[in-house]
Amino acid sequence: MNRRLMDRSFYWFCKSMTWMALGILLILIFHICRQGCEYLDWQFLSSLPSRSPEKAGIKTALAGTVWIICFTALFAIPFGIATALYLEEYAPKRHPFVRLLQINIANLAGMPSIIYGLLGLTIFVRSLGFERSILAGSLTLALLILPVIVIASQEAIKAVPDSIRFAAYAMGARRYQVVLGQVLPSAIPGIMTGIILSISRAIGETAPLIIVGAMSYIAYTPESIFDMFTVLPVQIYNWAGRPKEEFHAIAAAGIMVLLLLLLSLNFIAVTIRSRYQRYK
Amino acid sequence: MQNKTKFFDRSFHYALLVFVLTTLAVTLSVVVVLLNESSGFFAHVNLLDFLFGTKWTPLLEPKSFGILPLICGTFMIVIGAIAFALPVGLAIAIYLSEFASYNSRKRIKPILEVLAGIPTIVYGFFALTFITPLLKNIFPEIQIFNALSGALVVGIMILPMVASLCDDGFRALPPSLREGAYGLGAKPYEVIRHILLPASTSRIAATLILAISRAIGETMAVTLAAGATPNLSFNFLDSIQTMTAYIVQVSLGDTPANSIEYQSSYAVGLVLFIMTFFMNVIGNLVLAKKPLEAM
């Protein structure tokens, strides 16, 4: 075959595949907006779930998502940053145990989310007796996003140049003063980006919360950490699984709210990354 | 003063170490929980019957716990998803690393990240309400819940991951490889085909393994799109059930704790964990190597 023709057609193949992927994203968003837009109004945001699609709303699901995410972040962030600091600033890199830790974290990041659900169900819901509460749900999600936060924070800490560390040591700082006073503040924008992206993953997570019991019908918004809850993606699943067309439409409206939330978080993360990140 | 900061320095070090060890504790507790909870199941069901049985009817009498139909369903999803995501993902990676200008690369990458950040439940809904009706035009006999639509949507989901891992791999190769080939008069297609692809074979293989592992663990999209009918049919137009979808089904039903159905979800979880664990270890070990070392 003609070399030039082969080369050109290969180029166009690669280019069209890339455009196809972007096209799929557009179709997906367009399809969902077309289905959901007529149900998306203030009443939808402020009503309780209901048997009739016209009256149904996502008030409890939104409240549940906010509760869950706040506590997930509270549990996961300190652990994630501390782990990353240790691995980057203290651990001897070539030590076999440290390499084991590193591989283990990469594995945890790839473990199916439903397994975290089984873990949370057994330990938090049953063994520790938290029942199907916000506490159990957010602890489960915290374990799920912990490895993601660790990996992102490690990248951010790695990007801090050594000259900053050496300068601090030269002034007589101790290691904790270097780490807490110099390295961590310089790495914060990168760490924030990673945290926001992992939070947006937690917001969309459905399977582990179904396993720990977020599926129940709830007619009130949660008031304490020991209350039962449901979250937005679980509510969407609940509606999407029904055969009636109207429920698909309100599921689409719920998805629009979910995507809006995620896209704005994504936008914030990208803005922080491009504006505040000093070292790359 | 000296002693006080020295003491604080030490304690900070050890406090961090405690946090680090929790990550190890998570993996250990997953293993303990899965083994412990499924031990009750294996007291009732013979391990060989479980692994090689061809009927999965846990909720009907006579109960039968042969996991092969669930594994078959899972691998139909995997095969379909990989058949879509690997060629397309590679093409995108090649376009981004070899053809695209700096500016269009800078614009396309974040959009792919958005595609990667969409929750799986949304993909499930998309498959159910868009892809399946579309497929019905081509295959009129297709069922509402079918493996093909689930596989396609899982393929779309893992596409950004495949593209970005392969893209990283191509970009990590030393420029001298490309320049040498171009200097000899090769065209881009020939450089990619005969230099870049062979040089990154092991990385692409690792990406493939991680992508398979991700597709195996995918839950909500297949629960919504592919159905809840465990069968050993290999027919992509039929409803199937994956391992993950079964675990969701059990937890939605009102099965009492310590019943055999409840315990069976841990046994299925154990199989799922073992499969994905080894794939992730191998994949991550290969990816951790430097590009040319890995050859």
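A residue is buried if 20 or more other C-beta atoms lie within 10 Å of its own, exposed if 12 or fewer, and partly exposed in between, with C-beta atoms placed from the backbone. These legends describe a predicted model, in which local features need pLDDT of at least 70, side-chain atom pairs count only at pLDDT 80 or more, and totals for chains, interfaces and linings use all residues. Residues are numbered from 1 along each chain as its sequence is written, while chains are lettered from A and ligands numbered from 1 in the order in which they are written.

**View 1. A:Ile123 and its surroundings.**
A:Ile123 sits in helix α5 (residues 113–127) of chain A. Helices (H or I, at least four residues) and strands (E, at least two) are DSSP runs, numbered from the N terminus. Is A:Ile123 buried or partly exposed? A:Ile123 counts as partly exposed because it has 19 C-beta neighbours inside 10 Å. Setting aside neighbours within four places in sequence, A:Ile123 is in contact with A:Leu128, B:Ser29 and B:Val33. Two residues are in contact if their C-beta atoms, placed from the backbone, lie within 7 Å. A:Ala136 is 13 residues from A:Ile123 in sequence, and their C-alpha atoms are 8.8 Å apart.

**View 2. The interface between chains A and B.**
Here 67 residues of chain A are in contact with 69 residues of chain B. Which helix gives the most to the chain A side? Helix α1 (residues 3–36) of chain A does, with 17 residues. By class, the side of chain A that touches chain B has 47 nonpolar, 15 polar and five charged residues. Ala, Val, Leu, Ile, Met, Phe, Trp, Tyr, Cys and Pro count as nonpolar; Asp, Glu, Lys and Arg count as charged; the others, Gly among them, count as polar. The model scores ipTM 0.90 and pTM 0.91.

**View 3. Chain A and its helices.**
Chain A has 11 helices and zero strands. Its C-alpha trace spans about 70 × 70 × 35 Å along the principal axes. Of its 280 residues, 46% count as buried. Among contacts in chain A with a separation of 6 or more, 75% come from residues 24 or more positions apart. The mean pLDDT of chain A is 89, and 98% of its residues reach 70 or more. pLDDT is the predictor's confidence in each residue, from 0 to 100. Among the elements of chain A, helix α2 (residues 42–46) has the lowest mean pLDDT, 82. Helix α6 (residues 134–158) of chain A has the highest, 94.

**View 4. The two domains of chain A.**
Chain A is assigned domain 1 (3–37) and domain 2 (40–276). Such bounds come from an automatic or database domain assignment. The C-alpha centres of the two domains of chain A lie 31 Å apart. Five residues of domain 1 of chain A are in contact with seven residues of domain 2 of chain A. On the side of domain 1 of chain A that touches domain 2 of chain A, three residues are nonpolar, two are polar and none is charged.

**View 5. Chain B and its elements.**
How many helices and strands are there in chain B? Chain B has 12 helices and two strands. Read along the sequence, its pattern is α-α-β-β-α-α-α-α-α-α-α-α-α-α. The C-alpha trace of chain B spans about 75 × 70 × 35 Å along its principal axes. Of the 295 residues of chain B, 47% count as buried. Among contacts in chain B between residues at least 6 apart in sequence, 74% join residues at least 24 apart. Chain B averages a pLDDT of 89, and 97% of the residues score at least 70.

**View 6. The two domains of chain B.**
Chain B is divided into domain 1 (2–44) and domain 2 (71–288). Their centres, taken over C-alpha atoms, are separated by 31 Å. Nine residues of domain 1 of chain B are in contact with nine residues of domain 2 of chain B. The side of domain 1 of chain B that touches domain 2 of chain B has five nonpolar, three polar and one charged residues.

**View 7. Helix α3 of chain B.**
Helix α3 (residues 68–99) of chain B has 32 residues. From first C-alpha to last, α3(B) reaches 44 Å, close to the 46 Å expected at 1.5 Å a residue. The expected span is 1.5 Å times one less than the number of residues. Where does α3(B) bend? α3(B) bends by about 25° at B:Ile82. The bend at a residue is the angle between axes fitted to the seven residues ending there and the seven starting there. α3(B) is mostly covered, with 24 of its 32 residues buried.
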